[in-house]
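Please open the model in a viewer and keep the selection tool at hand.

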Amino acid sequence: MIKKILFISYGSIAKKHLTNVRLISKTIEIAILRSKNKTSNKSKYLIFNKVSEAIEFKPDAIFICSPANTHIYYLKKFRGVCRNIFIEKPLCSNITQISALDIKKKINLQLGYFLRYHPHLHKIKRIIKSKIYGKIQLAQIEAGQYLPDWRENIAYEKTVSSQKKLGGGVMQELSHEIDYVVWLFGIPKYLFCKNEKLSNLKIDVEDFSSIYFDYPNKKKVVQINLNMFQRNSSRSCTIYFEKKTIKIDFIKGCLYELNNGKSKIIHSLGKNYLKKLIFIQDYHFLKRSKIVSKINKKNIISNFANFSSGKILTQVLDRLIKSNKAMKVMKY
């Protein structure tokens with residue numbers, strides 16, 4: 001029986017997911033739900049303009065890739081129709097959208113936080129659990145990318161990332177880092193955030209975020225710096241243990257051990273590994289959805305982002321927003 005997959009929206013990230021689906025299987029029937037003014041008669045896929053039409057398609061799996069402020073709207077519309085739902089990050093743009101949301105029916109729901117599949121983060125998680133390097137004292141996470149370079153063939157001013165009404169802004173767009181911090185280290189007891197617009201980019205959202213997580217019971221601190229104006233892209237995670245310092249350079253694909261001003265490569269995945277993660281993530285989702293039957297077991301990671309972790313992250317982001325507004329430390 002031919003499986004059916006529905007894509008909600010057809011922006012840059014949806015196209016990446018669709019390309020992955022096609023690489024995984026040539027036989028899957030694909031349909032796209034788009035707004036009326038974006039219908040194309042030249043498309044090789046089924047195009048729907050109405051939710052009712054997409055429901056009649058009876059998809060076996062759904063990728064919700066629309067702006068963040070519409071994610072929960074579509075989840076509510078389709079959760080009774082299809083049990084396999086992938087939502088591109090973040091889960092939503094406002095905590096009020098999920099405060100009363102109850103997922104009663106069992107749903108295979110996954111969020112698009114692909115860094116959870118990164119082998120180096122899993123290596124660090126094992127190091128933390130084993131305590132071979134002692135306690136964590138400090139972790140420094142940073143991600144900086146130049147917004148106009150993010151997407152091809154589209155003006156950055158028109159993207160979701162640059163518009164507040166669509167759920168854009170640096171914290172939402174680079175929330176991958178905040179997600180894996182909570183996944184690695186747990187929920188902080190105290191947090192502080194300072195968001196600003198520092199660049200001359202034509203956007204109505206903050207492009208810089210400085211975040212501070214405090215875990216007083218474990219005597220450790222996590223610092224996160226994010227921006228959307230940095231010309232030379234960088235993405236890293238440095239963890240200062242009692243005995244050693246470990247660093248991931250996501251751009252270079254290297255895991256380092258730092259000691260006395262020198263760095264030693266523990267493991268290298270190559271510069272293009274980040275691009276592979278979305279494919280691995282999509283393959284995993286299709287496997288869990290029983291759309292495909294074969295998969296490399298090494299790529300099966302149980303710690304994917306689900307509705308529960310997405311809700312926690314939304315609560316963390318909400319407190320960060322409130323901290324920024326009140327200019328004070330907040331308790332989770």
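Buried means under 20% relative accessible area, exposed means over 50%, and partly exposed lies in between (1.4 Å probe, protein chains only). The model is predicted, so local features need pLDDT of at least 70 and side-chain atom pairs count only at pLDDT 80 or more, whereas totals for chains, interfaces and linings use all residues. Residues are numbered from 1 along each chain as its sequence is written, and side-chain values use heavy atoms, with hydrogens and water left out.

First, select phenylalanine 279, which is partly exposed at 28% relative accessibility. Aromatic rings of Phe, Tyr and Trp (its six-membered ring) pair if their centres lie within 6.5 Å; planes under 30 degrees apart count as stacked, over 60 as edge-to-face and the rest as tilted. Phenylalanine 279 and tyrosine 283 are 4 residues apart in helix H7, and therefore separated by about one helical turn. Helices (H or I, at least four residues) and strands (E, at least two) are DSSP runs, numbered from the N terminus.

Next, select phenylalanine 7 and phenylalanine 63, a stacked pair at 4.9 Å centre to centre and 10° between the planes. Phenylalanine 7 lies in strand S1 (residues 4–8) and phenylalanine 63 in strand S4 (residues 61–64), 56 residues apart. Phenylalanine 7 is buried, at 0% relative accessible area; phenylalanine 63 is likewise buried, at 0%.
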